[in-house]
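Here is a short briefing to read alongside the structure. Have the viewer open and follow along, topic by topic.

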Amino acid sequence: MALLSIGMDFKRPLRLLALVVVFGFLLFRYNPLQESRYSWMLPMDWSLNGGYRPDILQYVNPLIGTINGGHVFPGPTHPYGMAKPCPDSMIRGENAAGFVSDDSPIGGFSHLHDSGTGGSPSMGNFPIFAHPGCPSDDYTQCNYTITDRMLPRVPGTAEAHVGYFALNLTNNVRAEMTASTRTALYRFTFPSTQDDTSISRDTRPNPPISPLLLIDLQDLGQTSLSASAGCQVYAESGRIIGEGTFMPSFGRGTYQAYFCADFRGAAVRRLGTFIGKEARADTTYLNAVDRGFQNPSGSGGAWVQFERPEESDQIVARVGMSFVSVDQACSNAEAEIPDFDFDRTVRDVEMIWSEKLSVVELDTRGVHPDMQTIFWSGLYRSMLSPQNYTGENPLWESKEPYFDSFYCIWDSFRAQHPLLTILDPNAQAEMVRALIDIYRHEGKLPDCRMSFSKGFTQGGSNADVVIADAFIKGVTEGIDWDTAYEAVISDAEVTPKDWSLEGRGNIEAWEQYGYIPVDDRDLQGNGPHSRTVSRTVEYAYDDFAIATLAKELGHETDFAKYMNRSGFWRNIWNPEQEDLYHDADGDVQRTNFKGFPQPRFKDGTFKYQTTRMCSPVYEPHKCYFDTAQSTYEGSPWLYSFYAPQDMKGLVEVFGGKQKFFDRLDYYHSSGIADMGNEQSYLTVFQFHYAGRPGRSSYWVNQYIPAQFNASVNGIPGNDDCAMGAFVAMSLMGFFPVAGQSVYLLTAPFFPEVKIKSGGPRPAVIRRVWAAGQEEGGIYIQSATLDGKPYTRNWISHDFFSGGGELELVVGTEEGNWGTADEDLPPSFPHERSWMDGLGT
Ligand SMILES: *[C@@H]1O[C@H](CO)[C@@H](O)[C@H](O)[C@H]1NC(C)=O
Ligand SMILES: *[C@@H]1O[C@H](CO)[C@@H](O)[C@H](O)[C@H]1NC(C)=O
Ligand SMILES: *[C@@H]1O[C@H](CO)[C@@H](O)[C@H](O)[C@H]1NC(C)=O
Ligand SMILES: *[C@@H]1O[C@H](CO)[C@@H](O)[C@H](O)[C@H]1NC(C)=O
Ligand SMILES: *[C@@H]1O[C@H](CO)[C@@H](O)[C@H](O)[C@H]1NC(C)=O
């Protein structure tokens with residue numbers, strides 16, 4: 001609960017504020033009604049005209065992105081936490097992370113999820129479900145299978161904030177949940193009015209309150225391999241343990257998960273197991289082999305029925321998780337939540353997030369509270385994954401950290417990892433170490449990895465960029481750079497057996513032709529022979545990342561070799577390609593824009609792919625691993641802008657700065673840009689390379705809040721923990737060129753941003769209004785860094801690691817700041833200092 005220093009004029013109300021803060025703090029701490037704290041916090045902060053930063057957690061709305069394809073996990077979790085409990089919505093397509101903000105029925109509450117992923121649901125293992133009682137008080141008449149038991153929620157009862165989620169089901173059960181790092185904690189409240197004790201239990205009209213809790217061995221994607229699922233329930237305590245084997249959601253292989261559930265609050269009445277619809281009280285364990293655990297519903301597990309809870313109508317269920325063993329699931333639970341104290345567990349999560357997020361301080365005077373919600377919620381989401389499974393890896397013994405849910409690096413290298421590098425460098429270092437350890441034991445760095453399984457490679461080998469980015473930004477803690485270097489060279493040189501899961505394909509052709517010919521067949525390994533355009537531009541950038549490491553680590557020959565390959569993006573540029581499209585009447589139209597990346601044959605001739613294919617305006621869903629298309633999840637238009645290592649060269653290929661600017665502006669205004677996917681982020685800021693940094697500001701202000709906002713539907717695509725990083729940095733006034741010590745500067749949305757990332761001084765970005773121009777401008781007019789004029793439209797990582805004060809004068813018209821050639825960001829093949837020693 002820090003106060004922001006914001007200058008002289010604010011000193012007087014400070015004492016009054018301090019009182020309000022202390023009072024507010026007490027109210028907040030001791031108010032048993034979770035809901036009420038929002039109602040007083042928001043207006044008070046607002047009426048005080050900002051400046052005072054109250055509990056920033058109130059601005060985290062975990063429900064943003066829980067509909068409209070955001071696939072955000074809204075439940076309680078620690079930063080990078082393994083336990084991620086939330087209700088599971090039974091609706092296909094939307095429920096990748098479990099809960100969806102619509103009116104779909106709820107099938108249970110499960111303890112592991114992945115946030116923001118595309119495609120099919122990830123994890124959602126061992127859902128727990130609560131019946132207040134069974135019809136006629138007969139346990140066999142309760143509903144057990146997922147299709148039978150699922151129920152609508154009571155509209156308007158879903159409530160989510162940091163460390164806490166709650167929902168009422170229409171069976172009158174309220175389910176609340178919180179989490180420690182590896183354990184989910186549920187508090188079920190049962191209706192208190194239904195029991196009439198004057199009538200005997202068995203003949204009462206409504207089922208009497210005798211809660212039945214069941215745990216199903218399924219997962220959300222119904223991938224459980226029943227042959228290896230099993231569970232046991234213990235008569236004395238009601239403890240349920242179990243395990244299962246499941247499949248990853250965007251990869252190949254299987255993983256095993258284990259749980260250990262204990263209950264508090266009511267006496268055990270009876271217990272048993274169920275297979276499909278059939279429940280039995282005489283069987284306390286299910287073993288796949290012994291019992292032939294096969295049934296069409298896929299549901300099966302254990303249940304415990306309780307006497308009516310003595311006090312408070314509540315039962316607390318603690319579910320410890322592990323990927324190693326049942327014993328470890330139990331010991332995780334016992335170590336993390338020995339006291340079953342729900343409220344304490346919530347407070348712990350709140351404290352940890354408060355501390356994590358407090359590395360940024362905002363002065364919010366004059367800024368709409370929605371902007372704070374967008375900012376803090378985005379920052380929060382960017383720290384949900386990769387998940388920290390250190391100590392839970394069953395695949396190999398290692399002293400290195402283990403992180404999972406790199407889901408996928410194709411998405412996360414562009415914004416999320418660069419953000420973590422600034423705000424949480426220790427976590428970033430552990431993640432890089434985990435990547436290197438995965439290389440050591442699996443033979444390759446992942447491009448995507450979830451649930452201890454190899455995920456699908458969407459484009460290049462983008463871990464190369466993550467590793468180079470960490471190196472040049474001084475994230476070195478405990479990292480074995482020799483092995484890191486070996487790993488990236490392996491990506492570039494050694495074809496894996498199956499390059500749909502790791503590494504690169506068509507490596508020989510890459511070297512021979514300088515691009516991936518559309519008619520090349522890789523005989524070294526297997527993979528989909530598609531995406532030759534997007535893979536070419538990505539491989540070129542990945543090679544630039546390798547060149548960077550080679551230079552830094554003193555491998556001069558490699559540096560020359562990979563710098564050369566980093567120029568291969570040029571080789572698929574068809575200067576004659578026109579931009580043709582059908583208008584609303586079906587007539588062929590063309591723009592004046594000529595020159596696009598196109599698929600190319602071995603003999604050097606080009607094949608034609610519609611320049612708008614797989615953009616929002618034309619066939620948006622054709623470009624996945626489809627061998628007919630040459631661009632992945634995007635159009636030739638999109639990939640035409642991708643040569644971050646040599647933007648000067650790219651601008652020349654477009655025909656100069658004005659032509660480049662016109663095309664980029666057309667791209668953003670014509671509907672071809674798809675902000676719902678990560679490759680578009682950089683294009684918002686690439687006006688910088690045309691000497692028009694103001695236009696980057698303009699487009700940032702278009703996309704936020706029109707496409708990124710504080711509504712539940714406020715994310716344009718699945719989050720990937722990356723959309724949050726994009727908005728957080730955009731709002732602070734910079735965006736990284738991942739893999740380079742380069743951040744492109746735009747006007748921040750707040751009067752002041754202070755980042756304390758562990759260096760000697762904080763990095764402060766301050767916005768002041770230009771004299772004589774109305775407030776509310778978005779264009780940087782001039783800047784000073786530590787009091788000295790600063791004309792470059794970008795800044796290097798030294799600003800964040802060493803600290804400094806960047807003051808930006810902002811006005812309503814695009815000015816001249818940052819427009820001169822010498823003020824543009826570096827374009828490496830053209831930088832003498834970079835190429836030194838190569839004789840260029
Ligand atoms: C049990 O499932 C059946 C079939 O789906 C449904 O008709 C019935 O209402 C359910 N009962 C309860 C108590 O939910
Ligand atoms: C939700 O459940 C709780 C606990 O039973 C109850 O007090 C509350 O009134 C319920 N809310 C609604 C809207 O049904
Ligand atoms: C990851 O988990 C390990 C083991 O619990 C812990 O020591 C480490 O600090 C965690 N790392 C992060 C970044 O939270
Ligand atoms: C790479 O090297 C080849 C062979 O020396 C040369 O022809 C080519 O121009 C170089 N390409 C780049 C982009 O430097
Ligand atoms: C919020 O963002 C979503 C997703 O991009 C968009 O569909 C919606 O129109 C936006 N809402 C507002 C009020 O701008």
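This is a predicted model: local features need pLDDT of at least 70, side-chain atom pairs count only at pLDDT 80 or more; totals for chains, interfaces and linings use all residues.

The chain is divided into domain 1 (58-354), domain 2 (360-388 + 699-839) and domain 3 (399-569).

**Domains**
- Domain 2 is made of two segments, 360-388 and 699-839.
- Between the C-alpha centres of domain 1 and domain 2 there is a distance of 42 Å.
- Domain 1 gives 33 residues to the contact with domain 2, and domain 2 gives 25 residues.

**Helix 10 against helix 11**
- Two packed helices are described by the angle between their axes and the distance between the axes.
- For helix 10 (residues 425-442) and helix 11 (residues 463-472), the angle is about 135° and the axes are 11 Å apart.
- Helix 10 is therefore oblique to helix 11, since angles over 145 degrees would be needed to count as roughly antiparallel.
- The crossing of these two helices, helix 10 and helix 11, is left-handed.
- On the helix 10 side, the contact is made by Gln-428, Val-432, Leu-435 and Ile-436.
- Helix 11 answers with Val-466, Ile-467 and Ala-470.
- By type, the contact residues of this pair are six nonpolar, one polar and no charged.

- Helix 11 is largely enclosed by the rest of the structure, because nine of its ten residues are buried.
- The buried residues are Ala-463, Asp-464, Val-465, Val-466, Ile-467, Ala-468, Asp-469, Ala-470 and Phe-471.
- Just after helix 11 comes Gly-474, with a positive phi of about 75°.

**A loop residue to look at: Asp-103**
- Asp-103 sits in the loop that links strand 1 (86-89) and strand 2 (106-110).
- With a relative accessible area of 68%, Asp-103 is exposed, the cut-off for that being over 50%.
- Met-90 is 13 residues from Asp-103 in sequence, and their C-alpha atoms are 9.8 Å apart in space.

How values were computed. Residues are numbered from 1 along each chain as its sequence is written. Chains are lettered from A and ligands numbered from 1 in the order in which they are written. Side-chain values use heavy atoms; hydrogens and water are left out. Axes are lines fitted to C-alpha atoms, for helices over the stretch in contact, and angles run from 0 to 180 degrees between N-to-C directions. Helices (H or I, at least four residues) and strands (E, at least two) are DSSP runs, numbered from the N terminus. Angles under 35 degrees count as roughly parallel, over 145 as roughly antiparallel, 65 to 115 as roughly perpendicular and the rest as oblique. A crossing is left-handed if the near helix is turned anticlockwise from the far one by less than a right angle, and right-handed if clockwise. Contact means heavy atoms within 4.5 Å. Ala, Val, Leu, Ile, Met, Phe, Trp, Tyr, Cys and Pro count as nonpolar, Asp, Glu, Lys and Arg as charged, and the others, Gly among them, as polar. Buried means under 20% relative accessible area, exposed over 50%, partly exposed in between (1.4 Å probe, protein chains only). Domain bounds come from an automatic or database domain assignment.
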